[in-house]
Amino acid sequence: MATLYLVESIFNSAVKDKESFEKKAGEIRDELGKQNATLIEVQVAKDLSRAFFILEAEERNVINESLRTLGVPVTLIKPVRLVGRDLEEVKKQADKVNYLVEWNLPENLTMDAYLERKSKNSVHYSEVPEVTFSRTYVCEDMTKCLCFYDSPDESTVKKAREAVSAPIDTITELS
């Protein structure tokens with residue numbers, strides 16, 4: 001059975017502009033396709049310094065080898081669970097996101113407790129209607145989660161996170 005993986009990459013000077021990043025993402029999609037793996041989505045920081053890939057593959061090694069072949073530096077690769085959206089919806093890439101919030105989860109938090117907390121608190125997003133929560137990827141080892149939003153600005157994302165009582169470790173504006 002295929003697993004979803006989060007891959008984080010820091011490009012430094014390897015990618016100079018959005019066009020070269022999109023070219024690299026296409027190369028990744030093609031290489032993974034040859035290995036029966038799928039690039040589900042890719043998000044990149046507005047300054048092109050960091051990229052976040054969600055991939056679906058039978059084995060983690062397929063991802064490692066494919067990215068190594070393409071010279072893509074990997075700073076993190078972990079199995080993740082999608083929360084808040086259906087995978088088929090995400091594959092259509094119909095919704096717009098422009099902010100990513102990373103939260104390093106506390107050590108004692110279980111997946112069940114996290115999902116219960118999220119379910120209970122998510123109703124409070126309605127208190128900040130100018131922000132749209134899209135989806136979250138939670139690392140299966142419960143070390144961190146990535147939450148995607150469409151928002152007019154960073155301060156509004158912070159208001160939304162406060163409304164749902166969710167911490168922020170970093171906020172990245174996406175391209």
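Hi everyone, let's start inside the protein: helix 4 (111-121) and strand 7 (144-150) each supply at least two residues of the lining of the largest cavity. Helices (H or I, at least four residues) and strands (E, at least two) are DSSP runs, numbered from the N terminus. A quick word on the source: this is a predicted model, in which local features need pLDDT of at least 70 and side-chain atom pairs count only at pLDDT 80 or more, while totals for chains, interfaces and linings use all residues. Residues are numbered from 1 along each chain as its sequence is written, and side-chain values use heavy atoms, leaving out hydrogens and water.

Back to the cavity. A cavity is a set of points on a 1 Å grid over the protein atoms alone where a 1.4 Å probe fits but cannot get out, and lining residues have an atom within 4 Å of a point. The whole-structure search turns up one cavity of 30 Å³ or more, with a volume of about 110 Å³. Which element gives the most to its lining? Helix 4 does, with four residues. Among the lining residues are Trp103, Tyr114, Arg117, Cys145, Cys147 and Arg161. By type, the lining has seven nonpolar, two polar and three charged residues; Ala, Val, Leu, Ile, Met, Phe, Trp, Tyr, Cys and Pro count as nonpolar, Asp, Glu, Lys and Arg as charged, and the others as polar.

Now to the largest pocket, an open set of grid points with protein on both sides within 12 Å along at least five of seven lines. About 370 Å³ of space lies in this pocket, counted as the space filled by probe spheres set on points joined across faces, edges and corners. Its lining has 16 residues, and Val42, Gln43, Val44, Gln93 and Ser175 lie nearest the centre. Helix 1 (18-34) and strand 2 (38-44) each bring at least two lining residues, and helix 1 has the largest share, at five.

For Cys139, the nearest cysteine sulfur is that of Cys145, 8.2 Å away. For Cys147, the nearest is again that of Cys145, at 4.1 Å. Cys139 counts as buried because its relative accessibility is 0%, and Cys147 because its value is 1%; buried means under 20% relative accessible area (1.4 Å probe, protein chains only).

Next, the cores. A nonpolar core joins buried Ala, Val, Leu, Ile, Met, Phe, Trp, Tyr and Cys residues through side-chain atoms within 4.5 Å. In the largest, of 23 residues, Leu105, Tyr114, Val138, Met142, Cys145 and Tyr149 touch the most other members. Strand 5 (99-104), helix 4, strand 6 (132-139), strand 7 and helix 5 (154-163) each give two or more residues to this core. Apart from it lies another core, of 21 residues, including Phe21, Ala51, Phe53 and Ile63.

Tyr114 deserves a look: beyond four places in sequence, its contacts (heavy atoms within 4.5 Å) are Trp103, Leu105, Leu109, Thr136, Val138, Met142 and Cys145.

Last stop, Val72, in the loop between helix 2 (60-69) and strand 4 (76-83). Is Val72 buried or exposed? Val72 counts as buried, because its relative accessibility is 5%. Beyond four places in sequence, Val72 touches Ser9, Phe11, Lys24, Ile28 and Leu67.

Technical notes
Disulfide = S-S within 2.5 Å. Buried < 20%, exposed > 50% of the residue type's maximum accessible area, 1.4 Å probe, protein only.
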